[in-house]
Amino acid sequence: MSNLNEQMADRYKNNFLKEIEEQAEMGEWVKMCMQCGLCSGSCPTHFHSGWDHPPQEIFMLIRAGKREEVLNSQGMYMCTSCYNCYVRCPRKVPVTHVMHGIAEYAYRIGRAPKAQPTLHLSKTFWTNATKYGRVNEVQLTQSLYFKDGIGSGIKKAMEMQKEALGLVMAGRLNPMEALGMGHKCKDVSGIHKMLAKAEELEAKNKAAKADTAGKE
Amino acid sequence: MAEMKTAAYLCKGCEIDKRVNVAALAKIATKEGKMALVREHDFLCSADGVALIQNDIDNEGVTHVALGACSRRAKTEAFNFPTVALSRGNLREGVIWIRPDTPDAQETTQEMAEDYVRMMCAEVKTMQVPAGNQKTGTIKTILVVGGGVSGMTAALEASKAGYKVVLIEKAAALGGWAAKLHKRVPTREPFKSPEDNGVADMAARIDADANIKVYLNATIAKTSGSPGRFKIDIAIESGSVVTEDVGAIIQATGFTLYDANKLPHLGYGKSPNVVDQAGLEALAKEAAASGKPICRPSDGQPVKSVVFVQCAGQRDASGEHLQYCSGYCCNVSIKQATYFKDSNPDIDTVVLFTDLRTPGNGEDFYRSAQNRGVIFSKGVVSEVTANGNTCTVQFKDLILNEDTAAEADLVVLATGSVPTSGPELEALADAKRAAESGTEETKNVVLQMMDKSVLNLDYRQGPDIPHFKHGFNDSHFICFPYETRRTGIYAAGPVRRPMDILQAQEDATGAAMKAIQAVENAGLGKAAHPRAGDLSFPTARLEGCTQCKRCTVECPFGAIDEDEKRFPLFNESRCRRCGTCMGACPVRVISFENYSVNTVGMQIKAVDMPDEFSEKPRILILACENDAYPALDMAGMNRNAYDPFVRVIPVRCLGSVNTIWITDALNSGYDGVMLMGCKHGDEYQCHFVKGSELGRYRMSKVYDTLKGMNLEIDRLMDMEVAITDMDTLPGKINAYAEQIKAMGPSPFKGL
């Protein structure tokens, strides 16, 4: 357990709902859920084995103060951002955003599971997209193919060979991207500066929250 | 009365003359109908047509008018001739609109129209102009029983409309349950904060109202009389009795909370920290008065955590506790949770519910409580155990599907409402029969039951208003919310069904309006709802009466008592004119001036009966005028065709159908008889509550007669019809007609 996790657990004692409300983005919506279950019924990932707690249960667990169960859950990472729940919620709770908020908070305090595929995808995508200011598809695909090792990467690549060649022939895929060439945005350093500033601001906000909130 | 002069008028408008031969109909009215005067008109409901009829009434001495035009439900304002007897032949909705306009159909359509002309002529000759009830009472004062929010509202509304009110309250002050509330659920935008209970204001307005006379610490010792002239003996505090004369009564006796002592598994009685909702209101009032936060009763320490248990002893499928939802308690628990959150946001407030039901604008209030941090959990509580100064609430979390527990300083049980409605009349009658044996014990049972009586009516049918389900006063649940089965007595508020303050106020206002209508109609000798304004009333030819008491027993409204010689004694002002007594009478001595065994019987006989070789069966339909007949009319408006061999006669209620009509019809050669009446039972739709049920019960006896006559029992068909059945009804009529045709002609034809 990371230090921050313990700090937070200690600070909020038994009031996990308050912890989520103050620390997680959109966490203040958790109390507004009326337990109708429309979010869970609308979720397209319901069949997936990783879906241990649907959104309705995550909300309920938070309200019941079950910190460990929520932070150990895979539920919030399974969200594919389809926004079905968001659109359908009769209470207009932004369920998708709340799920992301909780996942981000768990990650921030070091409670995200290690080999979580959606978490890996997000991180890979972010690193890739911010590097050139736009997505380098070949490098992104490569890093996803080879995430479980060389052998399985080659196997997956061979399986998709025909599709890849088709894309190349149609001019939809530039093999040179593998070497860091191909499409980039016009002002890469400008983007980097912007992102750095945004990160700095966000870090400041969150640090301030972590410092002040929860202390009566 | 002057000598009878009959006249028939046949309308040619609305294409009637294009579809049927009106001249032939006129000939039938003269020759067979024996009408002294027969006129045709192109447009009878026009000013000119109406003037023609009025002129004949004024100058030709016409006393009986038969109109062959549209349905009796149409053009009632144009064809309003109160000084003469009036019958209507339904040539439009009943004939041309329900028959296809084809050469094939022409012959049967004409025959149908001819029969309706014969029937209207036969009917009108047996009718008289109703004179109106002469034994009227003209007292316009309204009695309100119960001084809670419902009663106070009814009193204020009636007074505002200009009527004098007598208000009786059993307790020492006005206000009822509402006065015990610290605050009430919000009634105004933005529905976020509890409001003042409003009782002081209402009580002050009543005190200041010269129209309203209040008796506190008073109960009703006896109610006698009928609408327009009730006599109320009021037992007042001093022990003496005062008598008030009133025209109508509103019973707003409210409710009590379900006794939480019956819920020991929820900790009530075991720990002082388990209270019901009224208990919490008392704690909140006490706290507000002392300026302190709400405290635990056990040790007087401020409450830090509270659990609200919804549906405590309610919606109980086992039958041990209340089976119904009381409707208001979810909003009340939300309100009570805000008492805590508004004084200190750190107090843990958890509401354990299975379905949170927030009528009115409660949803906004629910959200505002969630915003304040009240935790709502879906869970079923199994047990509450006392634990020193705290309680442990064991419950099953329905979302996480696990048994779990919560600790709380205070537990509030939402126990729901039980109506204050007087004894159940059938149980009371049974108890009285048992008490005839004379033992002290059985007599005490009766005394105990009578002790619960609210109205102490001196009616033959019992001292109070009959119950519906679960002890609530029956008040025509589906169609007419305030109408009880005792004319001129209206139920309002939670004595009628569970409800909250706003609903009770609306209810009380509605009941006040109905009470005003009742005193006005009673004063004019007219019927109350649903035949409001009807001037006819039943009379009995007592020399033929066998004192069988069926009429007194069956009258759904308790209108008929027995006189000292045990003959039926009609209280015309209590009568709703349904005719159930007329249908019940085995010797047929009860009749109305314009509706009797004869008016229908003559119509049945007037129909032309083709012989058994004609392949033209005749099916009689006796249709309830409240639902089935309008449904048939609407089938006509929608041009839904049905079989041409049926002949429809509207009846006031299935309860008014005398079995003689059925046996006469079958004896005289009808091939089948269909009865169309409203749904009966727990979800009854009968306008007269019990009429259709009694009618059907009576008809079940006719099947034996059919067997005795060697007839197939399918020749009598009983059908439940609702007013919305206009599209399905023709199909059902046609199916029955096919069944009758397949059965072959009645053996009684031509006998």
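The model is a prediction, in which local features need pLDDT of at least 70 and side-chain atom pairs count only at pLDDT 80 or more, whereas totals for chains, interfaces and linings use all residues. Residues are numbered from 1 along each chain as its sequence is written, and chains are lettered from A and ligands numbered from 1 in the order in which they are written. The scores of the model are ipTM 0.81 and pTM 0.87.

An automatic or database domain assignment supplies the domain bounds. Chain B is divided into domain 1 (1-129), domain 2 (142-254 + 465-523), domain 3 (269-418), domain 4 (539-581) and domain 5 (609-751). The centres of domain 2 and domain 5 of chain B, taken over C-alpha atoms, are separated by 43 Å. Two residues are said to be in contact if their C-beta atoms, placed from the backbone, lie within 7 Å. On this criterion, 6 residues of domain 2 of chain B are in contact with 4 residues of domain 5 of chain B. The side of domain 2 of chain B that touches domain 5 of chain B comprises 2 nonpolar, 1 polar and 3 charged residues. In this classification, Ala, Val, Leu, Ile, Met, Phe, Trp, Tyr, Cys and Pro count as nonpolar, Asp, Glu, Lys and Arg as charged, and the others, Gly among them, as polar. Between the chains, the contact takes 9 residues from chain A and 9 residues from chain B. On the side of chain A that touches chain B, 4 residues are nonpolar, 2 are polar and 3 are charged.

A residue is buried if 20 or more other C-beta atoms lie within 10 Å of its own, exposed if 12 or fewer, and partly exposed in between, with C-beta atoms placed from the backbone. A nonpolar core is a set of buried Ala, Val, Leu, Ile, Met, Phe, Trp, Tyr and Cys residues joined through C-beta atoms within 7 Å. In soluble globular proteins, nonpolar side chains tend to be buried together. The largest nonpolar core holds 213 residues, of which I142(B), I250(B), V309(B), V411(B) and L413(B) touch the most other members. Leaving aside neighbours within four places in sequence, the contacts of I142(B) are A158(B), Y163(B), V165(B), V246(B), G247(B), A248(B), I250(B), A515(B) and V519(B). A second, separate core has 36 residues, including M8(A), V30(A), C39(A) and A103(A).

Helices (H or I, at least four residues) and strands (E, at least two) are DSSP runs, numbered from the N terminus. In helix α4 of chain A (residues 55-63), 9 of the 9 residues are buried, so the helix is largely enclosed by the rest of the structure. The cover over α4(A) includes α2 (16-23), α3 (38-42), α5 (67-72), α6 (84-88) and α7 (95-108) of chain A, together with β16 (375-387) of chain B. Just after α4(A), G65(A) adopts a positive phi of about 75°. In α7(B), the buried residues are V199(B), M202(B) and I206(B). Seen down the axis of α7(B), these residues fall within an arc of 65°, so they line one face of the helix; the arc is that of the directions from the helix axis to the C-beta atoms. Their cover includes α6 (149-160) and β7 (212-215) of chain B. On the other side of α7(B), A200(B), D201(B), A204(B) and D207(B) are exposed.

Backbone geometry was also examined. Most residues other than glycine have a negative phi, and most peptide bonds are trans. M26(A), a residue other than glycine, has a positive phi near 65° and is found in the loop between α2 and α3 of chain A. M26(A) counts as partly exposed because it has 19 C-beta neighbours inside 10 Å. K549(B), likewise not a glycine, has a positive phi of about 70° and lies in the loop between β22 and α14 (550-554) of chain B. A cis peptide bond, with omega about -5°, joins E189(B) and P190(B). P190(B) lies in the loop between β6 (165-168) and α7 (199-207) of chain B. Another cis peptide bond joins H529(B) and P530(B), with omega about -5°.
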